Amino acid sequence: MNVAIYCGSSFGNSDEYEEKTRILAQKLALKNFNIVYGGSLQGLMGIISNESLKYNNIVTGVITYDLVSKEIENKNITKIYKVETMNQRKEKMEELADAFITIPGGYGTFEEIFSVISAAQLGYHQKPCAFYNINGYYDKLIDFLKNCAKEGFIREDFVDMLIVSDDIDKIINKIETYKAPKNKWEK
């Protein structure tokens with residue numbers, strides 16, 4: 001199984017983000033879940049890729065030509081795809097992945113996970129989407145999504161389909177047993 005990891009090119013303000021990212025890499029490697037990520041050596045992206053390599057995991061990166069020097073391409077990973085645009089980067093990662101795990105990050109991370117969540121809602125794929133909620137990072141976002149459901153803009157089952165936990169073992173178990181809801185247009 002290939003798991004796309006969406007995360008920041010920064011480390012964040014807590015050592016816990018780095019520590020839990022290392023644990024994530026180890027646990028995924030033990031399950032033979034290969035990594036697909038943004039191809040960078042920076043921040044949590046560098047941690048997930050380099051830590052995964054320590055466990056002899058397969059790590060595939062997807063990076064734009066423009067970001068090769070800015071985010072600093074990780075040249076030690078198993079395979080790298082270089083693309084022209086950020087949309088191509090997202091599309092390639094989505095194509096390569098069987099599941100998606102989001103760890104803390106910023107706007108780019110949010111864009112990536114919401115793109116695949118929207119595609120799942122529309123029935124374009126039936127792949128699990130997870131938030132590794134390190135240090136409660138996504139608590140307010142999940143509360144916001146629940147409010148969106150309460151207000152009638154997102155179906156409740158499209159919030160419930162999201163795997164959200166600060167326990168990576170629970171996330172892995174839920175990915176392995178995931179059943180997608182009916183898409184937005186199915187009755």
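**Before you start**

The model is predicted, so to speak of a local feature a pLDDT of at least 70 is needed, side-chain atom pairs count only at pLDDT 80 or more, and totals for chains, interfaces and linings use all residues. Residues are numbered from 1 along each chain as its sequence is written, and side-chain values use heavy atoms, with hydrogens and water left out.

**Stop 1: helices H1 and H2**

Select residues 15-30 for helix H1 and residues 43-54 for helix H2. Helices here are DSSP runs of H or I with at least four residues, strands are E runs of at least two, and both are numbered from the N terminus. The axes of H1 and H2 come within 8 Å and cross at roughly 35°. Axes are lines fitted to C-alpha atoms, for helices over the stretch in contact, and angles run from 0 to 180 degrees between N-to-C directions.

Now show the side chains of Tyr-17, Glu-18, Thr-21, Arg-22, Leu-24 and Ala-25 in H1, which meet Leu-44, Ile-47, Ile-48, Glu-51, Ser-52 and Lys-54 in H2. Contact means heavy atoms within 4.5 Å. By class, six nonpolar, two polar and four charged residues make up this contact of H1 with H2. Ala, Val, Leu, Ile, Met, Phe, Trp, Tyr, Cys and Pro count as nonpolar, Asp, Glu, Lys and Arg as charged, and the others, Gly among them, as polar.

**Stop 2: two asparagines in loops**

Most residues other than glycine have a negative phi. Select Asn-32, in the loop between H1 and E2: its phi is positive, about 60°. Asn-32 is exposed, at 59% relative accessible area. Exposed means over 50%, buried under 20% and partly exposed in between, using a 1.4 Å probe and protein chains only.

Next pick Asn-56, in the loop between H2 and strand E3 (59-64). Its phi is also positive, near 60°, and Asn-56 counts as exposed at 72% relative accessibility.

**Stop 3: Asn-34**

Is Asn-34 buried or exposed? Asn-34 belongs to strand E2 (residues 34-37), and at 16% relative accessibility it counts as buried. Leaving aside neighbours within four places in sequence, Asn-34 is in contact with Met-1, Asn-2, Val-3, Asn-57 and Ile-58.

**Stop 4: helices H4 and H5**

Select residues 86-96 for H4 and residues 107-121 for H5; their axes come within 11 Å and cross at roughly 55°. That makes H4 oblique to H5, since angles under 35 degrees count as roughly parallel, over 145 as roughly antiparallel, 65 to 115 as roughly perpendicular and the rest as oblique. Lys-90, Met-93 and Glu-94 of H4 touch Glu-111, Glu-112, Ser-115 and Val-116 of H5.

Stay in H5 and pick Thr-109, which is buried at 3% relative accessible area. Not counting residues up to four places away in sequence, Thr-109 touches Tyr-6, Cys-7, Gly-8, Thr-102, Ile-103 and Tyr-138.

**Stop 5: the cysteines**

How many disulfides are there? The count is zero, a disulfide being a pair of cysteine sulfur atoms within 2.5 Å. For Cys-7, the nearest cysteine sulfur is that of Cys-129, 16 Å away. Cys-7 is buried at 6% relative accessibility.
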